[in-house]
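User: I'm new to reading protein models and would like a close look at one spot. Could you take me through it slowly?

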Amino acid sequence: MVINGVEIDDTFAEAFNMRGTRVLITAQNLRWAYNAANAMTGFATSVIGCGVEAGIERELTEDETPDGRPGVSVLLFAMGSKVLMQQLETRMGQCILTCPTAAAFAGIESEDMISLGKHLRFFGDGYQVSKQIPDAQGRLKRYWRIPVMDGEFLTEETTGMVRAIGGGNFLVLGTSQAQVLTACEAAIDAMRQFPNVVMPFPGGVVRSGSKVGSKYPKMFASTNDAFCPTLKGVVKSELDPRVESVMEIVVNGLTFSDIAVSMKAGIEAACGLGKDNGILRISAGNYGGKLGQHHFKLRPILSGEVA
Amino acid sequence: MSHITLTAKPVSRQIDCRALSPQALQGKTAAEISAIKLTKTLAVAEVFEVAVDGSDAATKVTFKNTNAQHAYMGFGMTAGQVIVEGDAGDFLGAQMQNGVLICKGNAGARAGDRMRRGMLLIEGNAGDYCASDMMAGTLGVLGNTGAQLGYGMKRGTLLLAKAPALQATWIDCGMHKLPFLNILYKSFKLLDSRFAGISSLRVRRWMGDMGGLGKAEILLIQ
């Protein structure tokens, strides 16, 4: 398969079952909503070192938020419910509670509700106030008002936790670092138009793809040498002589379809720059198909057979 | 939602309406409701005309033509809505457990007494000892409030449109803009009530009743 002169490898991205949640963060204005959300989703690129993978899903208008203020929605993913709950509480406490004017609300409904402000309320040292207020559907929601130095921190008690998928990905291979990065930027811009997904790495792009294992016994992951341009000729490389740079886009989402649709849009945007702009191949990262529960096959996704 | 309308007949004595909560009337026919005894010798049919519309689980009860003689309306209600299209007697919404109670007129003494949860919205005036011993929930008054407001109130919110009489056991915490009011007002907008017109987030806050637990609040809308 070739799109705009860019070869699409007959391979697949291997992804894993995860647990996910969504939090709506509002503030006096978007600047402070982003300050809170950026802090909450900071250091959340990979579960390997961060415990959780998170990102900003999209901006919310005043009409879309519970308290009528501007905001952003944030998605967080972890390998298990326990870690997700721990990370959510920690990040709520250190990033949202601390951020001037910020408030946090549930962004997803589920049978599994996890603590958003349920335990954080004790920061109020006895002065916290519970309010149960019906939403537009008449369902009672519990909020906590916690006195803080800028006024009151408002948070919903719980948010929903759902089954999700993490690790959808594709690799962009090109003739120069600058051209590959430009293609990845176009891909990220396209993928951010879709709900229910986040690309957790810096700017949505990761340059340090990894393989399982290492020559060093204590390392369980190490550089993906087969895709490192500077090792062509030294290792069993996946790269032809023209490739000087490879970057990866990792996408986590609430469902298989959410990830597949965003991957399609991202790959098509990257291919939009074409061979003439130095984009040579699109590939994907996998572990032979034995570790991950979900396989995102590039060619079926791009031909519309899978969505 | 089933809608039960209770139109009051003229009365010359106090009527205890505590048997007419939404949960007590849920699923009953007009004849069954008319036969309910309010006291040993007084049946509903003697003091109310009863109409029932629909039979869904969620219940809305509307009292019409009521006056200060009709006490204990919404007493202990656990869900649904009670609308009082008239004045209310003493103990309006006393011991409310949940749901929404809207009083279009004035309320008597001890409205919201020992209320635990839900919203009690009084569009007119509230009598003495409003929110006495209230444990939680939200009680709003658009009109004037009487003496001993929030006496013994433990937790919960008293939302007022008019300044209350100052009391020694309620401590002034100053002026504030509280973001949770956005959410509360949004819920008001779903109701057929003058409370839907409130929009100011700026309030003066008192905490009390310091004669007891002292974790309740009075919010005076600015």
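Which residues does Gly253(A) touch, not counting residues up to four places away in sequence?

Analyst: Happy to! Keep in mind that this is a predicted model. Leaving out residues up to four places away in sequence, Gly253(A) touches Ala164(A), Ile165(A), Gly168(A), Asn196(A), Val197(A), Asp258(A), Ile259(A) and Ser262(A).

Is it buried or exposed? Count the other C-beta atoms within 10 Å and you get 28, so Gly253(A) is buried, given that 20 or more makes a residue buried.

Now zoom out to the chain. Where the two domains of chain A meet, 11 residues of domain 1 are in contact with 14 residues of domain 2. On the domain 1 side of that meeting place, you'll find nine nonpolar residues, two polar ones and no charged ones.

Next up is the largest nonpolar core, which has 149 residues. The members that touch the most other members are Ile25(A), Ala36(A), Val172(A), Ala270(A) and Ile282(A). Helix H5 of chain A, residues 256-273, gives the most to this core, namely eight residues. Both domain 1 and domain 2 of chain A supply residues, so the core lies between them.

Neighbours within four places in sequence aside, Ile25(A) is in contact with nonpolar residues including Ala33(A), Ala36(A), Ala37(A), Val72(A), Val74(A) and Ile96(A). Gly71(A) is also one of the contacts of Ile25(A).

Finally, there's a second chain to look at. Chain B has 12 residues in contact with 14 residues of chain A. On the chain B side, strand S11 (171-177) and helix H4 (180-188) are the elements that give two or more residues. The largest share of that side comes from H4(B), with six residues. Sorted by class, the chain B side has six nonpolar, three polar and three charged residues.

Key:
Residues are numbered from 1 along each chain as its sequence is written. Chains are lettered from A and ligands numbered from 1 in the order in which they are written. This is a predicted model: local features need pLDDT of at least 70, side-chain atom pairs count only at pLDDT 80 or more; totals for chains, interfaces and linings use all residues. Two residues are in contact if their C-beta atoms, placed from the backbone, lie within 7 Å. A residue is buried if 20 or more other C-beta atoms lie within 10 Å of its own, exposed if 12 or fewer, and partly exposed in between; C-beta atoms are placed from the backbone. Helices (H or I, at least four residues) and strands (E, at least two) are DSSP runs, numbered from the N terminus. A nonpolar core is a set of buried Ala, Val, Leu, Ile, Met, Phe, Trp, Tyr and Cys residues joined through C-beta atoms within 7 Å. Domain bounds come from an automatic or database domain assignment.
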